[in-house]
Amino acid sequence: MTSETASGNASRVAATNIYEILTGDEDARVCKDIPDSACDAQPVSFTLQLIAQVLTKIGDGLMDVKVVLAWLMSAVGAPGAAISLIAPLRESLSMAPQLIVAAFIRRRPVRKWFWVVGAVLQGIAVFATATVFLTLEGATAGWSVVGLVILFSLSRGICSIAAKDVLGKTVSRGRRGTLSGYATSASAFVILAFGIWLNLTGDGRSVTILSQALIISAALWLAGAVVYALLPEAPGSTGGGGNAAAVALESLKLVFDDPDFGKFVLSRALLLGTALSGPYFAVLAQSSGVDGLQGLGGLMVGSALAGALSAPVWGRLSDVSSRLVMVAGGMMAGLTGIAIGLLDLSNSVLLTSPYSFAVAVFILGLGHAGVRLGRKTYVVDIATSDTRSSYVAVSNTIIGLVLLAIGGISALVASLSIAYALLMLSAMAIAGAALSLSLKEVED
């Protein structure tokens, strides 16, 4: 036996051990809803995707658009218009173009390389962003970052389509939520430690320190691409890989042709309230007198801790019933937002403590993590191997467009009252949870 063969066998054994420990599945050959050719390689596929997700999720957290990039842009004197654009661009552009992109991806029987290319482009965009902050200032820096966020978001959209399709081909139903849950939890603990460290540095935080964090983020994206390239993906169906625009229009009919899928898309649109509520918690905290590093640190730690603690639980529950996870997460986040909004309108003294908002953001984070993991697992499990790319692309494209519309409406409402905007988004989340309860069960 050559040393290369021995090393390969050792790697497979290690991957199998990790798979069995994390899933509790002592028989790695039990497969559901994946090709027979992928069954034997499932432990390796599971482990490699877990490692790649952990690396890139940490990288994503280190360049958090709503916190890190916004702080850096303000520090270098970027115009307010540029700062206000990065969050909606980051969210919408990673989803809206996916319907057309999916047609190109379906033309290739092996799709992992789309994820690899997307991850590399994201790494390049993040590294270039760090360079901008280290070398430029003012409007030049601000609009340069906006351009790089556009590149990052479009590349992220490519990864999103490819990742869900490859996950559905290589990891059995009943194990996908577990994989995502552990990846989210592991990365959240790292970001939690980063947030605590930033708070301990006090006023010594600088553009240089956060730019260095962005460089580390870029390296993690590139490392994730290398790991993902090793994934043993078997060739799959190439149906639907025709003209991109024609396929996009044809695919949109899925929301009408499949009522269950259409109801899921509507539920997900309403549950956007959990994703868009976060910034309003921060604004209300500042207006209530919870300001400075202590307030910011509490929000960061609460959010990261929620992801770290809840993701494995939500992941396993998603493999049992992803729709009920969406229900629980939406209700948790929605009711928290309602409570904070009403307390603010009543000028309650409860909101003058930094711990009140830290706890509120923690609960919001728990709910949002459940919604994210639940809907990701649901859309993969409701589809077949032939329709998965289309379902993901249609869902993400519609949500990307809806996100822009809701963002504009909530911004208009926020100009009248931040509390009213939070109440509106929280009511949406509760409505989305209620609608999710009527979704059909897709987990066996």
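Leu 151 lies in helix H8, which spans residues 138-170; helices are DSSP runs of H or I with at least four residues, numbered from the N terminus. The model is predicted: local features need pLDDT of at least 70 and side-chain atom pairs pLDDT 80 or more, whereas totals for chains, interfaces and linings use all residues. Residues are numbered from 1 along each chain as its sequence is written, and side-chain values use heavy atoms, without hydrogens or water.

Leu 151 counts as partly exposed because its relative accessibility is 31%; buried means under 20%, exposed over 50%, and partly exposed in between (1.4 Å probe, protein chains only). Together with Val 117, Val 120, Leu 121, Ile 124 and Leu 222, Leu 151 forms a nonpolar surface patch of about 430 Å² accessible area. Such a patch joins nonpolar side chains within 5 Å, from residues with over 30% relative accessible area and no salt bridge (a Lys or Arg side-chain nitrogen within 4 Å of an Asp or Glu carboxyl oxygen). Helix H7 (residues 112-135) gives the most to the patch, with 4 residues.

## Nonpolar cores

The largest nonpolar core has 56 residues, and Leu 69, Ile 86, Phe 133 and Leu 214 have the most contacts inside it. A core is a set of buried Ala, Val, Leu, Ile, Met, Phe, Trp, Tyr and Cys residues joined through side-chain atoms within 4.5 Å. H8 supplies the largest share of this core, 10 residues.

A second, separate core of 23 residues includes Phe 357, Val 361, Ile 399 and Ala 421.

## Asp 60

Asp 60, in helix H3, is buried, with a relative accessible area of 17%. The side chains of Asp 60 and Arg 156 are joined by a polar contact of 2.8 Å.

Conventions
Patch = residues over 30% accessible without salt bridge, like charges linked within 9 Å, V, L, I, M, F, W, Y side chains within 5 Å. Areas by Shrake-Rupley, 256 points an atom, 1.4 Å probe, with all protein chains shown as cover. Helix = DSSP H or I, 4+ residues; strand = E, 2+ residues; numbered from the N terminus. Polar contact = N/O pair within 3.5 Å; in protein donor to acceptor, adjacent residues only side chain to side chain.
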